[in-house]
Amino acid sequence: MTTGETMPGETMPGESRPDTVFRALRPAVLDELAEDGHARRRDTDLARAMSAAAEPRPRPRVRRPVLLAAGVAAAACAAAGAVVLAGGDGAPHPPTAEQGPADARTFLLASATRAAKAPAATGRYWYNRQLTTMDVGGHRRVVAGTGPDARKVDKKIPYKASIETPGEVWLARDGGKGRKVGGPEKLVFPTAADRALWKKDGSPRLVSGSNGKRVWEGPTRLSLGNGEMTAGQLAALPADPGRLSALLRARYARDLKAPENPYRGTFTAYVWGIAHDLLGGPITPGTKSALFKVLAGQPGIRLIGKTADRLGRPGMAVAATSAPDGGAGATESRLVISATTADLLEYRMREQGEGTVATTYEEMGWVGSLGARP
């Protein structure tokens, strides 16, 4: 049994600068997490994925992930030779179709083949509808009290809950006027017992006060690393894996030297970190196939296996583990990909000791007009 509770809120007023208005579309709870020391977690919500094309602006300095050496070594060993499974008698035998792919590389290469067969499409706007879900169990800051007496306090959450935030984006092919819609946030409990515990705890406000529906229109581009690209530029990315890898390595080298917020990590961590943005963006079937091949050649990416996204759609999960600046607090991020269509279904990130943040890609595709849906 799932019980939903929508918290009261107000619509964020419009502001003049596109980047300022754009921040209003971010689930406000993400900003609260940032205050709690989660700046090294990469935003996975609508506002992080689609950034406005405004005048140059300072970017907040965040700690970037570095792929863990243990994962790199394990994946390198797996890619070096054939993968076999041991039966009950100890004798090795190849994996069967029912058991699924042998490793991440095998699955990603198979996904590349499937992606290349998809029909090409185009349009004036790239449409993407997402649902961001954040687990809020464990220890976090909440808003206690109301009005002038409201304040943030540290609180241990003895029950399970999650915050769901819907979002839609119309990304103009030429980088011109598009539209972003975000919210409202919704507090959801997995069971009635969890909701009862929340009420017994005084019904703390786990979502923001400004959690109404927010709409913004203006120039739109996709944020990739420290740069941005229009939908048209993304659609023109190369379909050859060698050329695509060279282009991404050039962007990686530039981001390493960025004067504001320089990237700190390996190329593998970099390309894995932007993979879900590309797969959820307006790239062609050829580019999508090439990207899967680039990912298949990276160390440290492992196959988790069969799973389902938050909508119940079946898929295969592939994952990489990273740590901020090579330090403690490992973060695992997963791509859930359809084994039949090679479509990206969900992106999940979980920092050690914290809950999961998931972006579920509900629908995407080219449309002919602003406000239209596939």
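## Lysine 288

Lysine 288 counts as buried because its relative accessibility is 13%, and buried means under 20% relative accessible area, with exposed over 50% and partly exposed in between (1.4 Å probe, protein chains only). This is a predicted model: local features need pLDDT of at least 70, side-chain atom pairs count only at pLDDT 80 or more, and totals for chains, interfaces and linings use all residues. Residues are numbered from 1 along each chain as its sequence is written, and side-chain values use heavy atoms, with hydrogens and water left out.

Lysine 288 sits in helix α10, residues 285-296. Helices (H or I, at least four residues) and strands (E, at least two) are DSSP runs, numbered from the N terminus. Beyond its neighbours within four places in sequence, lysine 288 is in contact with Ala115, Leu279, Ile283, Thr341, Ala342 and Asp343. Contact means heavy atoms within 4.5 Å. Alanine 115 is 173 residues away along the chain, yet the two C-alpha atoms are 6.3 Å apart.

## Helix α8

Helix α8 covers residues 241-256. It has 16 residues and spans 22 Å from its first C-alpha to its last, close to the 22 Å expected at 1.5 Å a residue. The expected span is 1.5 Å times one less than the number of residues. At the N-terminal end, aspartate 240 caps α8: one of its side-chain oxygens is 3.1 Å from the backbone nitrogen of glycine 242.

Which residues of α8 are buried? They are Leu244, Ser245, Leu248, Arg251, Tyr252 and Asp255. These residues lie on the same side of α8 because they cover an arc of only 125° around the axis. The arc is taken from the directions from the helix axis to the C-beta atoms. Their cover includes β12 (214-224), β13 (227-229), α9 and α10.

Serine 245 has a relative accessible area of 16%, so it is buried. Not counting residues up to four places away in sequence, serine 245 touches Phe267 and Val294.

## Nonpolar cores

A nonpolar core is a set of buried Ala, Val, Leu, Ile, Met, Phe, Trp, Tyr and Cys residues joined through side-chain atoms within 4.5 Å. The largest one has 47 residues, and Leu278 and Leu335 have the most contacts inside it. Helix α9 (residues 267-279) gives the most to this core, with 9 residues. Apart from this core lies another of 10 residues, including Val136, Phe189, Trp198 and Val207.

Leaving aside neighbours within four places in sequence, leucine 278 is in contact with Leu224, Leu234, Leu237, Leu248, Ile283 and Leu291.

Notes: Polar contact = N/O pair within 3.5 Å; in protein donor to acceptor, adjacent residues only side chain to side chain.
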